[in-house]
Amino acid sequence: MRTGGALVRAPQDDALYLADEDHAVLRRIPLPVDVSAPPIAIAMPGRPAQVLALEGRVLVTIRDPGLLLVMRPDPTAGLVEVARVPLPADAWGLALTPDERTALVTSAWTGKVSAVDLATATRSWSIDVPREPRGVVVREDGAAAYITHLTSSALTRIDLRSPPQARPIALPASPYRAPPDEPRAASLGYAAALSPDGRRLFVARHALGALGELSWFGAATVDVLRTGNDEPLAPRRREGAPIRIARDFELDVTGDPELEAPKSELAPFVQPRALVYRESTRTLLVASEGTDALVELDALSIDPTLRPLRTYLLSSAPAHADAASGSLDALSRAVGVATLCGAPSGVALSGDESVAWVYCRSTDTLAIVRLDAHKAGVPYELGPAPFIRLAEPPLHEQAAVGRKLFYNATDWKTSGGLGCAGCHPDGRDDGHVWHEVSGGGFANFFGSADNRPMEGLAGGVARQTPMLAGRVSAEGPYGWNAQSETLAARILEGFGLHRWGMGDAADGALSPRASYLASFLREGLVPPPRDDRPLTPEEKHGLALFTSEAAQCSRCHVPETEYTDRMGYPMPGLVAPPGFYREKKGTVYKTPSLRFIAGTAPYYHDGSARTLEELVEKNEDRMGRTSHMSRKDRAALVAFLRTL
């Protein structure tokens with residue numbers, strides 16, 4: 001095992017190690033698991049993201065400050081630190097080269113991949129890669145590594161030579177669910193795994209705009225890359241392939257290839273968070289964060305997602321329960337979210353692969369799943385099977401329930417089939433621009449990664465997914481058009497927006513859900529790391545320009561209130577991107593927060609500016625005054641914006 005994860009098994013089979021970032025601890029769980037004995041918690045210098053256990057040492061990535069910790073087992077303390085290696089902030093994914101001399105680490109927010117020499121505990125190099133690098137695996141020959149991303153379908157391949165070289169590798173998302181010859185974008189690329197022979201790379205993610213029944217948001221997928229030639233295993237869907245028209249949709253879409261779906265249901269999992277290869281059965285196990293399930297797929301299939309073999313249901317909550325007691329479990333049941341295992345986020349296998357241990361993040365539990373206690377094709381419900389309560393929630397009661405709701409996709413009223421975390425991973429954004437359609441008393445989103453209009457839906461207006469973490473402390477208003485007075489009101493609107501067809505925001509049962517979610521967004525989401533350092537001369541010049549009367553940037557982007565005045569303003573001269581409808585006359589747009597703007601490309605409500613440089617260059621004095629600035633001034637302004 002040379003790839004890290006939130007949960008891993010030590011090679012000596014004596015313990016599990018869990019990176020619990022919500023409690024900022026690493027947990028050591030002795031094997032065999034004793035459900036009555038609490039695991040050992042080792043405090044970390046920051047939030048741990050992944051752990052990798054080797055013979056005699058344990059590696060841990062720390063998000064903020066960015067670190068790689070090298071630790072060794074200790075009979076008294078559980079683990080003791082041997083070395084720490086400073087890395088670019090938001091250190092996340094972790095993998096080893098075959099000789100186990102070098103660790104590769106992805107840094108998500110800062111868009112870096114670094115190599116660490118484990119013999120000297122020093123960083124050898126860091127290299128820039130596209131937004132939100134997460135999973136990393138190293139080829140069996142040690143010649144290259146593959147990186148997954150939260151905000152794109154393309155992988156990054158890093159050739160491990162001197163100097164290292166990075167290049168994109170195309171891996172179209174769910175090609176059998178895409179319209180013919182039109183590849184889809186992807187998000188949620190947290191996890192990847194190699195086949196034992198190293199010839200296939202499996203990547204779990206979400207295919208934006210993939211076709212299927214009621215798939216307003218697309219569909220989860222596991223895509224396969226042939227590492228011999230870096231080509232996708234699955235070909236694109238041909239014209240005339242078997243189809244099924246989407247059900248339960250009021251508009252007549254017969255004959256429209258954009259809305260014709262392959263002959264399959266939606267993916268058997270939602271928001272894939274972890275992926276492991278089960279060698280004894282040549283299958284894949286996927287942790288379905290949104291549906292509280294562990295799903296087993298055929299690893300030999302061209303498209304494993306279309307060959308689900310087994311579903312292990314890890315948790316259930318009664319549809320109706322009395323919340324009068326005020327307990328966390330009662331409140332959770334009342335809003336239909338898990339009490340046993342919520343938001344599965346890590347999977348580890350026993351040595352004989354007959355048992356899977358699953359880390360359930362939103363319930364702070366560890367589920368123990370006996371993989372052979374099932375019949376093929378029959379869902380296996382966990383029921384009274386053992387699980388460990390790892391810790392109490394790190395938040396107060398309402399925010400703790402909101403934490404469960406944030407990841408959950410099983411409550412159709414609130415999620416429409418995709419949890420909040422499906423578009424806002426880590427409270428950030430998926431980098432996608434959605435089509436928003438309003439009319440007839442309802443509004444909804446749908447995804448089309450190429451921004452092509454869908455017949456009968458008039459293309460909709462363009463709305464980019466906004467970042468939430470660190471941007472929701474104000475009372476209001478919220479929404480791209482400043483249409484919601486409070487955060488809870490915006491969440492209620494979202495309940496009706498994120499689905500096919502009509503949502504009922506007036507449903508009285510939804511108000512508590514919105515309140516719980518608002519509490520979690522404010523208390524539970526962790527903002528990205530910021531580099532707290534003195535400004536460079538160029539950045540200081542940019543600050544002077546930003547606050548100057550000539551530029552007028554700070555009139556609306558008020559520094560004291562998250563760099564926004566939260567007011568709506570018209571934006572004359574905007575042209576709708578191809579595939580979208582024009583905005584209604586008189587539409588106003590809320591001043592967006594500039595906090596963390598460096599990591600949230602593309603820009604504007606419609607994603608029409610791909611970079612900050614393009615945004616400033618083509619502003620045309622719509623936002624403040626920039627047309628008088630020299631090229632040097634504009635570069636300085638961008639440099640300052642990147643520090644916010």
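**Figure 1. Buried residues of helix α5 in the predicted model.** Leu 487, Arg 490, Ile 491, Leu 492, Gly 494, Phe 495, Gly 496 and Leu 497 are the buried residues of α5. The structure shown here, as in every view below, is a predicted model. Helix α5 spans residues 487-497 and is mostly covered, with eight of its eleven residues buried. An α-helix has 3.6 residues a turn, so residues three or four places apart point the same way.

**Figure 2. The largest nonpolar core.** This core holds 27 residues. The residues with the most contacts inside it are Phe 406, Leu 487, Ile 491, Phe 495, Leu 521 and Leu 525. Elements giving two or more residues to the core are α2 (397-407), α5 and α6 (510-523). The top contributor is α6, which gives seven residues.

**Figure 3. An open sheet of four strands, β1-β2-β3-β4.** The strands follow that order, and their pairing is antiparallel. β1 and β4 (40-43) are the edge strands; each has a single partner, so one side of each lacks a neighbour in the sheet. On average, neighbouring strands are turned by 20° against each other, direction ignored.

Figure 4. Six of the six residues of β2 are buried, so the strand is largely enclosed by the rest of the structure. In a regular strand the side chains alternate between the two faces of the sheet. In β2, Ala 15, Tyr 17 and Ala 19 point one way, while Leu 16, Leu 18 and Asp 20 point the other way. Residues on both sides are buried, Asp 20 included.

**Figure 5. The hairpin of β1 and β2.** These two strands run antiparallel and are joined by three bridges. Leu 7 stands opposite Leu 18 of β2. Five residues lie between the strands of the hairpin. Asp 13, in the turn, has a positive phi of about 65°.

**Figure 6. The hairpin of β2 and β3.** Six bridges join β2 to the antiparallel strand β3 (residues 25-30). Ala 19 has Leu 26 in β3 as its bridge partner. Four residues lie between the two strands. In this turn, Ala 24 has a positive phi of about 55°.

Figure 7. Ile 62 stands opposite Leu 67 in β7.

**Figure 8. The second largest pocket.** Its volume is about 1,100 Å³. The lining counts 50 residues, and the closest to the pocket centre are Met 1, Arg 2, Thr 3, Leu 275 and Val 276. Elements that give two or more residues to the lining include β1 (7-9), β2 (15-20), β5 (48-54) and β23 (272-278). Also in this group are β13 (133-138), β17 (186-194) and β27 (344-349). By class, the lining has 29 nonpolar, nine polar and twelve charged residues.

Note on methods: Residues numbered from 1 in each chain as written. Predicted model: local features only at pLDDT ≥ 70, side-chain atom pairs only at ≥ 80, totals over all residues. Heavy atoms only, no water. 1 Å grid on protein atoms, 1.4 Å probe; cavity = no way out; pocket = protein on both sides within 12 Å on 5 of 7 lines; lining within 4 Å. Points joined across faces, edges and corners; volume = space filled by probe spheres on them. Nonpolar A, V, L, I, M, F, W, Y, C, P; charged D, E, K, R; others polar. Pairing = 2+ DSSP bridges. Axes fitted to C-alpha atoms, helices over the stretch in contact; angles between N-to-C directions. Buried < 20%, exposed > 50% of the residue type's maximum accessible area, 1.4 Å probe, protein only. Core = buried A, V, L, I, M, F, W, Y, C linked by side-chain atoms within 4.5 Å.
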